[in-house]
Structure formats: structure tokens, C-alpha cells
Amino acid sequence: MHTDQGQIESADAALLEIAHVVFNYSEIELGQRQAKQIARDIVSQVRGKVAHHTTIVPTSDEQLRRDKGIVVGDLLSVLSLSAQAYDALRAGAGSDAVKTLSRLQRFCEKHDMQKFIVQISEFKASWDVWRTIERHNVSGTDFLLLENRANEVLKGKLTLERVVAEAKDIVKQFEMVGVTPLTPEVVMGLIFSMAAQSEAL
Amino acid sequence: MVIAGPRLGQVEPRERAGAQTGRKYEYQYERTARAALDLLTDTAKHVCIYCDWHDDYVIETGDPPTRYMFHQVKGRTSSQGPWDFREFFGVSLKKGKSSRKAATNLKAIVPRMLLHYANFGDNCVGLAFVTNAGLNPALSEFLQTVAGSADTNALPREMRNAFDHVARAYAATNPPLAMSTAELFA
């Protein structure tokens, strides 16, 4: 039972409520006007799905989703977030994939790396997996040192070439730290994981 | 040339239901959109939100095999007040006549929801009613008491009678919405 939900007397208040949830869930930086436009776009997607009436029963789950359903990819496209990058992040062991993607995308835009967002998301996912596996093998102090080195990378002027070079350097220092080999990709995942954290709103 | 007669804005339209009906549909879409946003969180584990298919919206949720949560959305203007027992269960409660079979309004909230259990069995993981309004105190107390009771025997006499009354009405529909008081309670 969900009573007292939403606004029927004021369409504007209803849009603002949706816009507020969009921000809370995605952390996308939006002005009120943009946020309301996104809310309108999502409601419009619903209207379009409601209007669809040519589905023939019986139909498969996949076809019904296409005809009458809204899936996360539909929302990501309204939010201008990469569905491919989202899938890459979901493949890892991290949580809050949409917020992480939004933060990563913001970071990449600032540093002119947006074209690498999918690969960066894959690195981030591989770091999450590595950390999950190695959390019992790597000492707390080594984790601290590793994170500190990654943090230092973020302080300088950032180019992809520099991040790669620094990641390779960090691997040399820490390659024997756990059971699973630490690779430059995993370290890049750590660096961008910390970059995403720094973009939290 | 002088034209006599009132202007459009000077005469009250015969009816204005169209605008209100339109807003009620928009309200349904807005609640569906709000529910769809839960796809963005990891905690909800929602896979898809179906729009106006079997119910106003249906959430497909969980790991495969996924299950369905049906949502009935009803907006109403503040002048209509909160929902009452008859609107919710589709059965009138008439004191002193509770042993007689009452007619069920199959378009009411609960009867429409119960059809999903009949149609989808174990794949129906839940039924929900979404509204901008509230419930009137008697209905609210009734639902809370039912939710907090282990079985119908634990209900206070008057509520037990009301529950039996609804169960009898539902058993009399074709096909029956619930075969017995116990089945409805479950």
C-alpha cells in the first residue's frame, strides 16, 4: 500500500519530484530546468510504452520488454550515460554502478578522456574484482600505500599516457603484494576508482 | 458589424472531466516513471518496468527466474477524499446484514489485484496499490489489524465479520476471486 504518493493537483511538482530522484540516484549535475526536462523525457518514455498496442500474445520476455518495458538502458540514454560503460561496471564487484558511471563520466569530461569511458569502466571493474579477491591476502598497510600512490597520480596534470606510465610504475612496486598478479589495468582501475570518489557530489 | 452573443470564456463548459481525466493518466505515467528510476539503484534488483500491461505498471524483479510485482495506480482529487472500504474491496459493508452475500464490484482495487494471483501464481511476488490520496481511518485500521494478525481468528469480532463478508462475496464471483476466508487471508 503506497498512499500519499506524488502530486495530482500540480504537474510541475510531480516533475520536480521525479527530477529530484534522478539527481539522488545518478548524481548527474543538472540545473532545475535540465532536471525537469529529463523528468519529462522519462514520463514521455512511459507514455510511449503505454501507447504501444501491437504486441501479440504469446510473446517472449525479450519482445515484451522491447514493446512495453523500460529497462535501465532506456534511462541511461535519457541521462546521456554510456550503456556499454554501465555494463562494464556491472561486471565488476562494485556497487552503485550508475553513480560511479556518472562520476567517472564527469571526471573524464574534465580531463578530455570521455572517449575512453568504456575501457576506464572495465579497468574500474577489474580493480573491484581484484580488491574483492585480495582483501584477505593484502595487508591493510599495503592497501593504504597502494591507494596513496594512486592518489598522488591524480594530483598532477592528467593525461591518459601519464596514467598508464604511472600505473606501470606502481605495478613494479606492488606486484608481489597479493596472490593474484597486480596488472597495470587493475592499477588504472584503482586510479579511476579514486577519481570517481573525488567527483562525488 | 456587431455580433451579439457571449464569448467562449464567458460560458461555463458543460463538463470539464476531460482535463481531470487527462491529469489522472499523467499521474499514472508519473508514478510509473518514478518506479522506473529504481532501475538505477543496485539495491532494488529490478529488471524491467512494464507500462500498462496487465496492470498500470508491473515491476519485473530479482535474479532469474524473475518474478512480477503488480501495481495499480489511482489518482484522485482532494475533493474526493480518502479511499473507503467499499472502493477498496469492491464490497459494501452493511451493518446487520453481513451474513448475506454481497455483490462485488470487480473493477474495485482488491478484486483487480487478486486476478494477478490467479493468472500468474508463484510468479506474482506482490500486489501494490499506489495513490496520491490516503485511506479513511476505518479502512486503514482494518488493513493494519489484518496485517498484524496471525490468522482470521485473531481478528476482533467486528473485523472478522467484515473479513468473512468480503470472503463470501469474493467466493461468489465467477470465477471466484478467493475460495474461502482462509485463502483470502493467505
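Me: In what order do the elements of chain A run from the N terminus on?

Reply: This is a predicted model, in which local features need pLDDT of at least 70, side-chain atom pairs count only at pLDDT 80 or more, and totals for chains, interfaces and linings use all residues. Residues are numbered from 1 along each chain as its sequence is written, while chains are lettered from A and ligands numbered from 1 in the order in which they are written. Helices (H or I, at least four residues) and strands (E, at least two) are DSSP runs, numbered from the N terminus, and chain A has ten helices and one strand. From the N terminus on, the order is α-α-α-β-α-α-α-α-α-α-α.

Me: Why is chain A described as more spread out than a compact globule?

Reply: The radius of gyration is taken over C-alpha atoms, and the globule rule is 2.2 Å times the number of residues to the power 0.38. For the 201 residues of chain A the rule gives 17 Å, and chain A is more spread out than a compact globule because its radius of gyration is well over that value, at 21 Å.

Me: Which element gives the largest share of the side of chain B that touches chain A?

Reply: Counting two residues as in contact if their C-beta atoms, placed from the backbone, lie within 7 Å, 34 residues of chain B are in contact with 34 residues of chain A. The elements of chain B that give two or more residues to this side are α1 (17-36), β1 (46-51) and β4 (124-131). The largest share, eleven residues, comes from α1(B).

Me: In which sense do strand β1 of chain A and β1(B) pair?

Reply: Two strands pair if DSSP finds at least two bridges between them, and here strand β1 (residues 69-70) of chain A is joined to β1(B) over two bridges. Within this pairing, A:Ile70 stands opposite B:Ile49 in β1(B). The sense is antiparallel.

Me: Which are the edge strands of the open sheet of five strands?

Reply: The sheet has mixed pairing and the order β1(A)-β1(B)-β2(B)-β3(B)-β4(B). An edge strand here pairs on one side only, and the edge strands are β1 of chain A together with β4 of chain B.
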